[in-house]
Amino acid sequence: GVVLIFVGLAILPINAQGSGSLKLLAIQGNTPSVGLDFNSRAKAVFNLHRDATYKYATGSYDAIIWPENAIDIDPDLYPNVAADIKKLTRDKQIPLIAGVVLKRDGSPVNASVLYDSESGAVSTYIKRGLTPFGEFMPLRGLAEFISPFAASVVDFKPGSELTTHQVAGAALGPIICYEIINDQLVAEMSSNSDALIIQ
């Protein structure tokens, strides 16, 4: 019995307790009322997050975190959004980790992007575990035959690389939405980061 217990303990993975700390501020900026077209709505969602950050980020933080889809329009394609992000990070002197929908090779990608006041986008993690029916349509031919609404689902492009955000000397591993139920993705991100952020 004693030998079995010893062997069991010996093969358990070592998962040391963290020894540092970070001060993070999470902002949920809400969404506007219905009735706006997509671009107007996406810009309004961004504005609500921006304005909430100006209001509540009054102290010193290592990073500010916005949720998935906080920026639904690619800042690379909308210079006014990129300028607002740069101004926000400069005014607050705090890096921002935001959920952003980007365009890559003509397809949307669901991303977590770290912005700072000097470089703009410092690091980008593109979601690898996409959400069926929301970010891609499985069995599209069959789905479109069954329902005309299936054709309105735009397929996102999945990421292929594990990327962490470096904040105050710590590697923060982003997990986006549906990825939380994928044990392999979560375990891989956990073993390559100091802390997980679930956007």
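How many aromatic pairs does a search of the whole structure find? The search turns up 1 aromatic pair; rings of Phe, Tyr and Trp (its six-membered ring) pair if their centres lie within 6.5 Å. This is a predicted model, where local features need pLDDT of at least 70 and side-chain atom pairs count only at pLDDT 80 or more, while totals for chains, interfaces and linings use all residues. Residues are numbered from 1 along each chain as its sequence is written, and side-chain values use heavy atoms, with hydrogens and water left out.

The partners are F46 and W66: their ring centres sit 5.9 Å apart with planes at 65°, so the pair is edge-to-face (planes over 60 degrees apart; under 30 is stacked and the rest tilted). The pair ties together distant parts of the chain, 20 residues apart. Helices (H or I, at least four residues) and strands (E, at least two) are DSSP runs, numbered from the N terminus.

Now for α3 itself. This helix has 14 residues and reaches 20 Å from first C-alpha to last, close to the 20 Å expected at 1.5 Å a residue (1.5 Å times one less than the number of residues). Its buried residues are V81, I85, L88 and T89. Down the axis of α3 they fall within an arc of 90°, so they line one face of the helix; the arc is taken from the directions from the helix axis to the C-beta atoms. After α3 comes Q93, with a positive phi near 55°.

Definitions and conventions. Buried < 20%, exposed > 50% of the residue type's maximum accessible area, 1.4 Å probe, protein only.
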